Amino acid sequence: MRARYGVPLGIAAAGAAGVVYAAAFEVRSFRLRRVTVPVLPAGMRPLRVLQVSDIHMVGGQRKKQRWLRSLAGLRPDFVINTGDNLSDPEAVPEVLDSLGPLMEFPGAYVFGSNDYYGPTLRNPARYLFEKTAGRHGLNGNPPIVGAVHNPWEDLRDGFDAGGWLNLTNTRGALKIEGASVELTGLDDPHIKRDRYARVAGGPSDDADFSMAVVHAPYLRALDAFAADGYPLILGGHTHGGQLCIPFYGALVTNCDLDTDRVKGLSTHTAEGRTSYLHVSAGCGTSRYTPVRFACPPEATLMTLVGRE
């Protein structure tokens, strides 16, 4: 009996332990990523930017809420929220309460698909099938039918009342100790709400520094931003792969971005121009897949410094 069943039982036990770790520990093991990005004009003082993304708030997630409130202690120069704040239509008050201390700082936001629509139960293997077929979100898939509509207007109104800029297919600017920081944003490409023609043209001549913001880092958005000359692009959406293989990495990105750039700092080149790209692994998950493995939840504090 031992010889026949010892190995399968051992594998089953290891698998069960991995599930417990992914669902009970790592998904709540919040981290802060710190990166330095050489993108500012010479002579401009460094800027500290906090990026929060993919919160996917569900009512009652107290540890996540405490951690988000604690990020205000970093004292960033400004905050960028790259979307997917909700995984529960009743959680708008908890999102606004959790981010309230951060709204004491200048900031801006874009929305993701989960801000507009409630999550649905789906087989995780579908992400692999969609990757193989080259279909993601509404890009090549049939339209959504019977979706739950989230109260995104309440979320928008709360962010606006807190003083954050709405970058939905538009431009905005922040004044940071006399410096003008231009921000150009897109609505979510994952559900085909991006309208680059409305913001095309590249950085303004009168801005001290310009950067681009989008929820889902689809290549069409990254190509457009890079070709227009934005030195830095911020995105989220990927969850860093969420369920990764140790020493290998992510299997999927849930968009057409390659897995080598699923999270962290990299670069993107289009039409001979190269931009820095930072993709946040985010700090939440869908309420229907509340697990992370080899990919802890995170926010990122970026220090922007002068170009080399």
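## Salt bridges

A salt bridge is taken here as a side-chain nitrogen of Lys or Arg within 4 Å of a carboxyl oxygen of Asp or Glu. The model is a predicted one, in which local features need pLDDT of at least 70 and side-chain atom pairs count only at pLDDT 80 or more, while totals for chains, interfaces and linings use all residues. Residues are numbered from 1 along each chain as its sequence is written, and side-chain values use heavy atoms, with hydrogens and water left out. By the salt-bridge rule the count comes to 12.

One of these pairs is E177 with R45, whose closest N and O atoms are 3.2 Å apart. E177 lies in the loop between β6 (170-176) and β7 (179-185), and R45 in the loop between β1 (31-40) and β2 (47-52), so the pair ties together parts that are 132 residues apart in sequence. Helices (H or I, at least four residues) and strands (E, at least two) are DSSP runs, numbered from the N terminus. For accessibility, buried means under 20% relative accessible area, exposed over 50%, and partly exposed in between (1.4 Å probe, protein chains only). On that scale E177 is exposed, with a relative accessible area of 68%, whereas R45 is partly exposed at 32%.

The side chains of E182 and R171 also meet in a salt bridge, with an N to O distance of 3.0 Å. This pair links distant parts of the chain, E182 being in strand β7 and R171 in strand β6, 11 residues apart. E182 is buried, with a relative accessible area of 6%, while R171 is partly exposed at 29%. A further salt bridge joins R261 to D258, the closest N and O atoms being 2.9 Å apart; here R261 counts as buried at 14% relative accessibility, and D258 counts as partly exposed at 32%. Through shared partners, salt bridges also join R45, D77 and E177 into one network.

## Packing of helices α2 and α3

Helix α2 (residues 62-70) and helix α3 (residues 92-99) pack at an angle of about 35°, with their axes 7 Å apart. These axes are lines fitted to C-alpha atoms, for helices over the stretch in contact, and the angles run from 0 to 180 degrees between N-to-C directions. With contact meaning heavy atoms within 4.5 Å, R62, Q65, L68 and R69 in α2 meet E94, D97, S98 and L99 in α3. By class, this contact has 2 nonpolar, 2 polar and 4 charged residues, where Ala, Val, Leu, Ile, Met, Phe, Trp, Tyr, Cys and Pro count as nonpolar, Asp, Glu, Lys and Arg as charged, and the others, Gly among them, as polar.

N85 is found in the loop between β3 (78-81) and α3, and at 0% relative accessibility N85 counts as buried. Leaving aside residues up to four places away in sequence, N85 touches I55, H56, M57, V95, L99, F111, D115, L155 and F159. The C-alpha atoms of N85 and L96, which are 11 residues apart along the chain, are separated by 9.7 Å.

S266 has its place in strand β10 (residues 264-270) and is likewise buried, with a relative accessible area of 17%. With the same exclusion of residues up to four places away in sequence, S266 touches R261, S275, Y276 and L277.

## The loop between β9 and β10

Which residues of this loop have a positive phi without being glycine? H239, found in the loop between β9 and β10, has a phi near 60°, a positive value in a residue other than glycine. N254, found in the loop between β9 and β10, has a positive phi of about 60° although it is not a glycine. Most residues other than glycine have a negative phi. H239 is buried, with a relative accessible area of 9%, and N254 counts as buried at 16%.

L251 lies in the loop between β9 (232-235) and β10, and is partly exposed, with a relative accessible area of 32%.
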